[in-house]
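Please read the following report alongside the sequence and the coordinates. It takes up helix packing, ring pairs and backbone torsions in turn.

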Amino acid sequence: MMNIPMLLQRPHQHFLKGLLRTPFRRYRFIFHPSPHLGSGIPCAQLLSSPGLHWAKWMLPSNGLTRKLCLQTTLEEHTEGLSDKEQRLVDKLYAGLIQGQRACLAEAITLIESTHSRKKELAQVLLQKVLAHNREQEKLNKGKPLAFRVGLSGPPGAGKSTFIEYFGKMLTERGHKLSVLAVDPSSCTSGGSLLGDKTRMTELSRDMNAYIRPSPTRGTLGGVTRTTNEAILLCEGGGYDVILVETVGVGQSEFAVTDMVDMFILLLPPAGGDELQGIKRGIVEMADLVAITKSDGDLIVPARRIQAEYVSALKLLRRRSGVWRPKVIRISARSGEGITEMWDKMKEFQEVMLVSGELAAKRQKQQKVWMWNLIQENVIEHFRTHPAVREQIPLLEKRVLSGALSPGLAADLLLKAFKSRH
């Protein structure tokens, strides 16, 4: 074993000094001798065991290369938990994987918490659920445990009516369905319109369906973090179809496409001006466009809208090499087209799985989620930093009065932040 002070004389001493400032209870330092000369370039490697990571640094020393392995295991991560906290995590995990709805609800409440200690508990629970999900995927021959579907459309498109009919159809066929409704919280009061449960009365009483409104607290990061983690918990709870519904057509759709396998756009049979508000980008993201309320007097306008969108989609850039977006007509009132819609959805899943596009998409999403969370936490850390926090009100006031440009105010805050680091 080479001791830390000896290593500090070597290259990468800055890195090692940084390590010395971190709490030792989470890390185990191991030095392996090797006959090969090292390059002195740091590299990192992810171990495949659940919750286990290591990083290795090549340090040239007397013709021998020493590898410093930094190992963080799930067990070490849970070392700081009290007995009561450990019992809570174990209870939630055991209940969740047994399919108990109350434990799933409590687990989602835990991940939605903004309390720092509860956030830590949520991560320990998520790590256990992730390990469980990976084991289940292996038993499932590497196939995903759940089909994740994003659902969007303008207000009045009939999303809730469709979800209720569609959900009942799936549960009757033996599926377990989870509906996560992303609600746009008020930025001022933090309140949100959580009306979905009252609109889906039949489905909310179904024991094979779970409906969860998910307030975003006014930030897109809120959509990404809690909804993405709720998806993982629902998969752990045995739900095999997960619908993520967004309210309205706005930026939250772009966040949702980064967490689902398939994105469906529901459009009412309205013409021209009424559909102008739908951004081209959202139509481009759609893997399936469904024209709703295609019954009675609305059949003719629904056919016209279908033809318009079939033409429009031909002009848009294709996002997949194996799937061409389809446009169909459905009616949740008469049930017309909904069985065919499910067949198209299953066809999409099969085609994407076989081609390998689905696995690649999910991998890319994991990276996007990681950076979204980093961005969210860095901004929070910046805002609460003592040197910055005291200057924010003053500089905001000067920007509002026009005495200071936003760019200069941002530079001053960043300078204050850097000077204290």
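Predicted model: local features only at pLDDT ≥ 70, side-chain atom pairs only at ≥ 80, totals over all residues.

Residues are numbered from 1 along each chain as its sequence is written, and side-chain values use heavy atoms, with hydrogens and water left out.

**Helix packing**

Helices and strands are DSSP runs (helices H or I, at least four residues; strands E, at least two), numbered from the N terminus. The axes of helix H5 (residues 101-112) and helix H6 (residues 116-139) come within 8 Å and cross at roughly 130°, where axes are lines fitted to C-alpha atoms, for helices over the stretch in contact, and angles run from 0 to 180 degrees between N-to-C directions. H5 is therefore oblique to H6, given that angles under 35 degrees count as roughly parallel, over 145 as roughly antiparallel, 65 to 115 as roughly perpendicular and the rest as oblique. Ala-107, Leu-110 and Ile-111 of H5 meet Lys-118, Leu-121, Ala-122, Leu-125 and Leu-126 of H6, contact meaning heavy atoms within 4.5 Å.

**Aromatic pairs**

Rings of Phe, Tyr and Trp (its six-membered ring) pair if their centres lie within 6.5 Å, and planes under 30 degrees apart count as stacked, over 60 as edge-to-face and the rest as tilted. By this rule the count comes to six aromatic pairs, two of which are tabulated here.

| Pair | Centre to centre | Between planes | Class |
|---|---|---|---|
| Tyr-210 and Tyr-239 | 6.2 Å | 45° | tilted |
| Trp-323 and Phe-348 | 5.3 Å | 85° | edge-to-face |

Tyr-210 lies in strand E7 (residues 209-215) and Tyr-239 in the loop between helix H10 (220-236) and strand E8 (241-246), so the pair ties together parts 29 residues apart in sequence. Both tyrosines, Tyr-210 and Tyr-239, are buried, a class that means under 20% relative accessible area, with exposed over 50% and partly exposed in between (1.4 Å probe, protein chains only). Trp-323 is buried at 3% relative accessibility, and Phe-348 is buried at 1%. Ring pairs also link Phe-147, Phe-162, Phe-166 and Trp-342 into a cluster.

**Positive phi angles**

Most residues other than glycine have a negative phi. Lys-141, in the loop between H6 and strand E5 (147-152), has a positive phi near 60° and is exposed, with a relative accessible area of 78%. Lys-293, in the loop between strand E10 (288-291) and H13, has a positive phi near 55° and counts as partly exposed at 36% relative accessibility.
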